[in-house]
Amino acid sequence: MKRAPIPPREPRVSSYSVDPALIRKRGAQLDGICSLEIRDLFPDQPEVIYPSSKGIAAVREETLRQMSRVDLSRIKPGDSVNVLGSRHGFTLLGGEPYAEMLRAIRDAVTERTGCRRVNLRMGQGLRYREGEEYIRAFKLDSCFSNAIAIAPIDKGIPIPTEIGTLYGISKAYDADWIIHTHNSDVREIHFHRMVDRAVKPFGMSYARLETRSGYHQNLGPRAANFIARAIFDSDFVQSKYVCSAFLMVAPAGIVAVDCDNDLYALNDRVVVAGMKYYGKVVTILGSIDSCIAMLDFPAPVPYVFAGGLIYGNFLGAGHDLFDIEKPLPSYTFYTEAYYGRGERHLTSRIPGINPALKMTIHNYAMIGYPSEFFAAKVPTVVVGREQADLFRHDPQSTGYMNHALVADDLATAAEFARRVTGTDKLLIFDGAAGGFNVSEPLADYLLKVAPEVSRKVDEELLPRWLRQRGMEASVLAAWRTRKYPQAA
Amino acid sequence: MRIVNTVPVLDESKCIGCVICSSVCPTLAWSVDRKTKLAVLDEPRCFGCVNCESRCPTYAIKMVARREDRFLYVDPRLVDYAEVEALCRKARFHPEQVVCFCTSSRAEEIAAAILTGSRTPEEISARTGIRSGCTIECSQPLLRMLEAAGIPHRPALGGKGWQIYGRVPTAWEIPESVKKKYADRGFHFDQDIALMEEVIAAPAEPPADASAGHSPIRRLPEAAPETLDFTASNGTSPAGSRQQ
């Protein structure tokens with residue numbers, strides 16, 4: 001059923017975006033916008049623990065319960081522990097669930113081991129102040145012994161691996177022990193392709209620039225994430241590794257916290273759950289024949305969310321992102337690299353951008369990510385001269401505004417897009433919790449095709465995706481029933 | 001091509017001389033004066049990447065808009081394109097392959113910089129603007145191209161800086177035993193090598209004009225072909241000055 005618009009995620013004060021006061025109108029406030037809840041489209045989506053009537057206490061309770069099942073015996077009272085995190089977690093449902101999981105992990109470690117030196121090391125993307133913005137916003141500096149954001153340009157440490165020397169960030173590993181914390185949100189399907197998804201931060205958030213560049217330039221689009229496995233499996237990392245804790249996410253919200261000493265066992269649950277629950281959302285978005293996208297969320301251009309998926313995924317949604325027989329998604333750094341001069345494809349394997357995406361209205365997004373590709377490939381209207389100016393001066397996207405138009409206000413941009421593209425289907429990437437904000441014609445379409453999409457994923461696509469990765473759907477049983485074996 | 005339109009400004013009252021700015025600068029534009037213990041910027045070397053601003057522990061550095069934009073670009077037409085092509089392919093890149101996603105710079109530009117005298121990643125960056133955005137994703141292509149040209153990499157500042165430590169493995173160097181071990185986990189090592197080799201072998205053409213970007217929209221202002229670096233008023237009309 002169609003519902004009233006879901007409140008979009010609030011603008012955030014950040015050095016990477018315009019003043020929130022300049023975001024004068026949100027997409028959800030436009031005439032003719034309604035919402036669809038994910039569970040209305042796909043009733044088999046799992047129940048969520050957050051948002052729920054229990055509030056954030058549900059995340060704490062679940063984290064403590066699951067942490068009680070992992071073996072922490074390596075940690076002694078006088079030792080030091082680095083809880084390794086990634087700033088991505090704070091983009092989920094406002095960030096409080098991830099922050100609360102981190103706080104609860106700290107409490108569990110201290111209580112069970114007597115260890116008092118529990119630090120936080122927050123890995124970042126390409127905005128090297130962002131981690132500290134989140135640490136301050138969620139007051140994590142008062143919770144951990146030492147809480148800092150780490151960047152790929154910080155001092156490094158060589159890590160010998162079975163494929164050669166890779167480099168980590170020194171401060172990620174400057175404690176006796178590490179605990180790997182992340183979330184199961186599928187996010188960059190185009191980069192990791194759901195191969196070792198849970199391991200990726202070892203090749204990215206906790207890694208130096210050499211390693212990250214090697215991931216995106218040296219290995220290939222479907223071998224890249226092996227970098228992460230090589231680092232995680234190294235003697236150096238294994239000598240410090242204790243356990244992993246993941247905020248388990250589905251498009252409708254937080255469904256569990258999953259903690260395990262065995263990262264690969266946890267990884268299998270993350271990958272299977274991701275394909276099962278996000279697979280339907282990707283597939284239904286990929287079935288849209290024509291639409292306008294609106295960016296309206298405090299994250300860089302490809303990372304704004306709708307229905308739990310990011311805009312970067314929508315660029316390739318028509319081409320089955322999970323199918324790893326297809327070498328290149330519509331967007332990934334490898335794909336971007338293979339556009340020659342004058343848009344010439346250097347390989348016939350480039351699938352092209354989702355043809356349904358006729359225009360993008362950029363109402364609110366952040367700088368700090370190489371974004372020229374998006375404006376170069378999709379007709380783009382940026383709302384507000386201040387935002388356009390911000391992008392013009394972003395060293396990672398100085399070319400973005402060479403391709404984009406500027407509108408003074410959102411209503412003008414929306415009317416322009418509707419008139420030029422001839423479509424009245426509008427999909428808003430605004431982080432609406434548990435659903436989508438869309439125009440009514442798009443809502444009608446999604447409601448109509450959802451049952452067939454659900455059947456197709458369950459009966460045709462998911463079995464293929466699992467087979468390609470050597471996985472079984474049955475690994476989810478432990479997660480869904482939350483019956484974990486006790487640690488030895 | 002890099003449009004440089006910002007420059008860092010130091011608040012000396014906040015500077016503690018910690019050398020982090022010089023340790024993270026991709027063009028070695030920052031140093032710390034031994035006497036004053038204050039950071040000093042060699043402005044012509046700076047290409048506005050924001051690393052110094054982002055990692056300064058005391059928030060002593062702020063980026064501000066430049067009064068005049070600078071454009072950095074090394075034109076591959078400065079050298080025999082056959083040499084450019086050969087160097088790119090030896091490093092396993094297609095000459096037109098985009099290697100820096102922030103500046104949309106292509107492998108041919110790195111090759112041209114090397115073939116016209118650049119010997120380090122920092123020198124290439126200072127001339128081309130490559131590595132002036134995120135400063136990380138294009139670091140390996142820089143090293144692979146230098147290695148293909150027979151130029152060994154020595155970390156900057158005698159190894160005391162954190163600019164680039166070294167090259168990391170490529171797909172062609174993954175041991176067969178590793179490929180075999182993980183074959184059923186979804187990694188497509190050999191198939192990805194085949195894809196990359198298809199790209200490397202694709203025909204290439206030298207640029208028809210001094211356009212470096214993805215599309216014809218992104219062009220340099222009109223300039224003499226031999227111009228490497230010039231300053232333009234309002235980002236549109238050039239007043240040439242060869243980079244030193």
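Biologist: Is the crossing of H9(A) and H16(A) left-handed or right-handed?

Modeller: A crossing is left-handed if the near helix is turned anticlockwise from the far one by less than a right angle, and right-handed if clockwise. In this predicted model, H9(A) and H16(A) make a right-handed crossing. Local features need pLDDT of at least 70, side-chain atom pairs count only at pLDDT 80 or more, and totals for chains, interfaces and linings use all residues. Residues are numbered from 1 along each chain as its sequence is written, with chains lettered from A and ligands numbered from 1 in the order in which they are written.

Biologist: At what angle do helix H9 and helix H16 of chain A pack?

Modeller: Two packed helices are described by the angle between their axes and the distance between the axes. Axes are lines fitted to C-alpha atoms, for helices over the stretch in contact, and angles run from 0 to 180 degrees between N-to-C directions. Helices are DSSP runs (H or I, at least four residues), numbered from the N terminus. For H9 (residues 263-286) and H16 (residues 440-468) of chain A the angle is about 140°, and the axes are 8 Å apart. Angles under 35 degrees count as roughly parallel, over 145 as roughly antiparallel, 65 to 115 as roughly perpendicular and the rest as oblique; H9(A) and H16(A) are therefore oblique to each other.

Biologist: Which residues in H9(A) meet H16(A)?

Modeller: Contact requires C-beta atoms, placed from the backbone, within 7 Å. Among them are Val272(A), Met275(A) and Gly279(A) in H9(A), while Leu446(A), Val453(A) and Trp465(A) are among those they meet in H16(A).

Note on methods
Helix = DSSP H or I, 4+ residues; strand = E, 2+ residues; numbered from the N terminus. Contact = placed C-beta atoms within 7 Å.
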